[in-house]
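The stops below are given in the order in which to select them.

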Amino acid sequence: MSPEKGKGRAQFTSYRDWMAQLPVELHNTPLFNLAIPGSHDSMSYDLDINSSIIEPDKLKKLSKIYCARKIVRKWAVTQEETITKQLDAGVRYLDLRIARKANDTDPTRLYFYHGLYTRTDVETVLKEINDWAEKHPKEIVILALSNFKGFDKNIKEQLHNHLINFIKTLFGAKLFLRMNIPTLKRCWDQGRNVIVSYDYPANQHPEIWGKIKYYYGKSMDPAKVESELCWVLETPRPNPSFFVCGLNLTLPDDARILKYILRLCDRFTNVVLRSLPKLLNWVKQQACKTPMNIVASDVVTRDNFIPTIVQLNISK
């Protein structure tokens with residue numbers, strides 16, 4: 001790999017293995033200080049149209065109406081490609097929101113969700129990620145497990161223990177321990193290329209990291225997203241740690257949502273695609289002023305998102 005003359009850019013033969021191709025000067029840089037592309041609501045491509053509606057709350061009672069489920073799905077799908085294709089494209093942070101279906105006959109079976117449940121269960125997807133990580137030992141994959149919807153009080157601890165033990169058994173020695181500062185070289189030397197962030201106390205498990213802070217703009221207006229993230233980035237962080245800048249747009253949680261979901265010829269991914277070029281231009285400008293770490297987006301395989309984020313490391 002060699003820089004393009006006069007452009008300060010690196011030539012990546014493929015973003016499938018972009019971490020392995022980073023210049024040696026970055027091999028001892030903490031991963032907290034690298035720019036890492038991530039996907040927001042990573043499993044939403046798999047939402048099940050036959051699922052009951054689990055959010056927003058006001059639409060739950062419409063679960064039996066096919067058209068209602070269809071509208072929810074149209075505005076809840078944020079990714080177009082499978083987890084494996086996202087990883088192949090260069091995504092290294094996965095936002096995985098976990099839920100348990102009420103009255104599931106399997107007491108420990110879990111799914112992902114965003115408005116609806118996914119078709120594929122959690123353990124199947126984690127196995128796919130493990131297979132990918134084994135084939136790409138120099139690519140560090142960060143998994144952020146959160147939300148845990150439907151973990152009722154009487155079964156919550158059982159479900160968490162089952163999931164954490166499954167993760168530890170599946171990924172085994174690939175799990176990077178949280179007491180060490182992760183760098184590319186340290187991960188490679190130890191043969192550990194999976195970091196699991198878990199949004200529930202798991203201090204007794206050194207293989208499980210705590211919650212990674214996810215900042216986002218809570219708006220459908222790209223300018224408001226940029227403004228919120230600017231404020232976050234320009235606020236000093238006391239301790240080095242992973243953090244996420246979410247470029248994702250967010251639908252209103254009140255009656256204003258009707259402005260969007262009643263557009264019969266539109267969908268959420270189309271709205272994102274109209275906004276993403278502007279947001280990526282902002283990222284390039286902002287990265288010259290303040291450090292960025294994980295940058296997450298919807299439709300991550302579109303609009304040059306991954307090359308733009310990866311190239312921020314070369315610009316440094």
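This is a predicted model: local features need pLDDT of at least 70, side-chain atom pairs count only at pLDDT 80 or more; totals for chains, interfaces and linings use all residues.

Residues are numbered from 1 along each chain as its sequence is written, and side-chain values use heavy atoms, with hydrogens and water left out.

**Stop 1: the cavity**

Select D41, S42, M43, S44, L47, D95, L96, R97, F112, Y113, H114 and T118, which line the largest cavity. On a 1 Å grid over the protein atoms alone, a cavity is a set of points where a 1.4 Å probe fits but cannot get out, and lining residues have an atom within 4 Å of a point. The structure holds 1 cavity of 30 Å³ or more, and the space in the largest cavity is about 40 Å³. A volume here is the space filled by probe spheres set on the points, with grid points joined across faces, edges and corners.

The cavity lining has 5 nonpolar, 4 polar and 3 charged residues. In this scheme Ala, Val, Leu, Ile, Met, Phe, Trp, Tyr, Cys and Pro count as nonpolar, Asp, Glu, Lys and Arg as charged, and the others, Gly among them, as polar.

Stay on D41, in the loop between β3 (36-39) and α1 (66-76). Its phi is near 50°, a positive value in a residue other than glycine. Most residues other than glycine have a negative phi, and most peptide bonds are trans. D41 counts as buried because its relative accessibility is 4%; buried means under 20% relative accessible area, exposed over 50%, and partly exposed in between (1.4 Å probe, protein chains only).

**Stop 2: the pocket**

Next select E55, H114, T250, L251 and D253. Among the 49 residues lining the largest pocket, these lie nearest its centre. The elements giving two or more residues to that lining are α1, β4, β5, β7 (141-149), β10 (213-216) and α7 (258-261). A pocket is an open set of grid points with protein on both sides within 12 Å along at least five of seven lines. About 1,400 Å³ of space lies in this one, and its lining has 23 nonpolar, 10 polar and 16 charged residues.

From E55, step to P56: the peptide bond between them is cis, with omega near -5°. P56 is in the loop between β3 and α1.

**Stop 3**

Select Q79, in the loop between α1 and α2. Its side chain reaches the backbone oxygen of H40 at 2.9 Å. Q79 is buried, at 1% relative accessibility.

R92 is in the loop between α2 (83-89) and β4. A polar atom of its side chain lies 3.5 Å from the backbone oxygen of Y15, and R92 counts as buried at 0% relative accessibility.

**Stop 3: helix α3**

Select residues 122-135. Helix α3 has 14 residues and reaches 20 Å from its first C-alpha to its last, close to the 20 Å expected at 1.5 Å a residue. The expected span is 1.5 Å times one less than the number of residues. At the N-terminal end, D121 caps α3, with a side-chain oxygen 3.1 Å from the backbone nitrogen of E123.

Where do the buried residues of α3 sit around its axis? They are V122, V125, L126, I129, N130, W132 and A133. These cover an arc of only 165° around the axis, which puts them on the same side of α3; the arc is that of the directions from the helix axis to the C-beta atoms. Turn to the face away from this buried side to find the exposed residues E134 and K135.

**Stop 5**

Finally, select residues 305-315. Helix α9 is largely enclosed by the rest of the structure, because 10 of its 11 residues are buried. Among them are F305, P307, Q311 and I314.

V299 lies in the loop between β12 (294-297) and α9. V299 has a positive phi of about 35° although it is not a glycine, and it is buried, with a relative accessible area of 1%.

Terms used:
Helices (H or I, at least four residues) and strands (E, at least two) are DSSP runs, numbered from the N terminus. A polar contact is a pair of N or O atoms within 3.5 Å; within protein, one must be able to donate a hydrogen and the other to accept it, and residues adjacent in sequence count only if both atoms are side-chain atoms.
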